[in-house]
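Thank you all for coming; I would like to take a few minutes to walk through one model with you. Please have a look at the sequence and the structure before I start on the details.

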Amino acid sequence: MTSAQPQLKASILAQRAEIDTLRAIVCVILVLHHMVGISPSHGLELPLDHPISLLSHTTEDMRMPIFSFISGMVFVRVTGLWPDARLTIRKKARRLLLPMASVATVFWCARQLVNTDQIPLPMIYVSSFAHFWFLQASFLIMTAAVLITCVLGGAHHRKIAAGLAVIGVLWWGLGLLPLPQTNWFSITNAAFLLPFFMSGYLVSQTPHLRLSLRTAPWARPAGGLLLAMGLYVGWRLATHELILTGTPRRLLAIALGASACFGLLMLRPHSARLARIGTNAYAIYLFHVFFTAAVTHTWWALASPGNIWAVTLLGVAIGMIGPVLLQHLIVRSPVAAQLFLGLPAARLRAGKQTDTQKGRAKTARPLQKQTETSA
């Protein structure tokens, strides 16, 4: 092993920890959003000028762009080869669409039990529904990227990513291309997320750029300033001090998302505790709504007791911890893990068999030693 290898390994581990820390941060923001709700008629039903509501709505244009940016950063290098494209699309269909259909069905049924107005069940699989739209939109983006690269050639993968990012700005931001009236398979959301996913992909596939954004002396001050500016503008939007509509508002949403993505990337927040939470980000994303809904429904059923800040913190904590515990239960069954988490059932079964064999081997060794001693 050369002297450079331990340094490279340490750098990779540090980058993974930073990404997992970002995942945890955006999970907290997302869970808070669903505790508060999108309006005073949802969630805790807080007035729009309540400090907790303002805090949640300040990051309205930042939450999902950060998730998409991270998805782009960890997305596999697009080779432009058809076998690789088929494999990637198949894996992403299992990882994204299977949990989308399974968890969304359970969530739709749960909402139906409490008489919540919602779209017909078949529509949740082909159009935007609750927070599951992100999975549909991400699948569209990834599929488009690998297929276009197959047509134009893998050598141009970075140019294709940059082109798709520009298309997203022109399509969703400037409205130069018409968006469908019905948001089939969350294509409108995909157009919005295109610049963020592709920016994350370009950062990961351009090592010198990522190195500069992580280690340059100006990176952290610039990242802090960028993030602070985005949060300030987001706060003004939340308080209605700044009111924009149409194209200016859409372009500002893209700018705010970019400020959060690159601001956090350059700030490089790192916490071992948050990083551990971030490794469970997918489960938190999928299941947190069940736990936040349980907290808010219980709170209303008990006639709104206690301090609203304490209730909010409790709801966020339960919304983060509950999905992690649920995930531990789900992975005990390979079938359930594939349905609700998109994990490969065959690999989980193989892993269980290996663990069982190791356990038997450990048990057999002391018995063998005892037999040899007695002999």
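First, what we are looking at is a predicted model, in which local features need pLDDT of at least 70 and side-chain atom pairs count only at pLDDT 80 or more, while totals for chains, interfaces and linings use all residues. Residues are numbered from 1 along each chain as its sequence is written, and side-chain values use heavy atoms, with hydrogens and water left out.

How many disulfides does a search of the whole structure find? The search finds zero, where a disulfide is a pair of cysteine sulfur atoms within 2.5 Å. For Cys 27, the closest cysteine sulfur is that of Cys 261, and because it lies 14 Å away, it is too far for a bond. Cys 27 is buried at a relative accessible area of 1%, and Cys 261 is buried too, at 3% (buried means under 20% relative accessible area, exposed over 50%, and partly exposed in between, with a 1.4 Å probe and protein chains only).

Turning to the helices, which are DSSP runs of H or I with at least four residues, numbered from the N terminus, H4 (residues 82–113) packs with H5 (residues 133–152) at an angle of about 175°, their axes 10 Å apart. Axes here are lines fitted to C-alpha atoms over the stretch in contact, and angles run from 0 to 180 degrees between N-to-C directions. H4 and H5 are therefore roughly antiparallel, a word used for angles over 145 degrees. In contact, that is, with heavy atoms within 4.5 Å, are residues including Trp 82, Ile 89 and Met 100 from H4 and Phe 139, Val 146 and Cys 150 from H5. The residues of this contact divide into 13 nonpolar, four polar and one charged; Ala, Val, Leu, Ile, Met, Phe, Trp, Tyr, Cys and Pro count as nonpolar, Asp, Glu, Lys and Arg as charged, and the others, Gly among them, as polar.

In the loop between H4 and H5 sits Asn 115, which is exposed at a relative accessible area of 68% and has a positive phi near 60° without being a glycine. Most residues other than glycine have a negative phi. His 240, also not a glycine, has a positive phi of about 65°.

Finally, Thr 188 belongs to helix H7 (residues 187–204) and counts as buried at 18% relative accessibility.

Technical notes
Helices (H or I, at least four residues) and strands (E, at least two) are DSSP runs, numbered from the N terminus. Angles under 35 degrees count as roughly parallel, over 145 as roughly antiparallel, 65 to 115 as roughly perpendicular and the rest as oblique.
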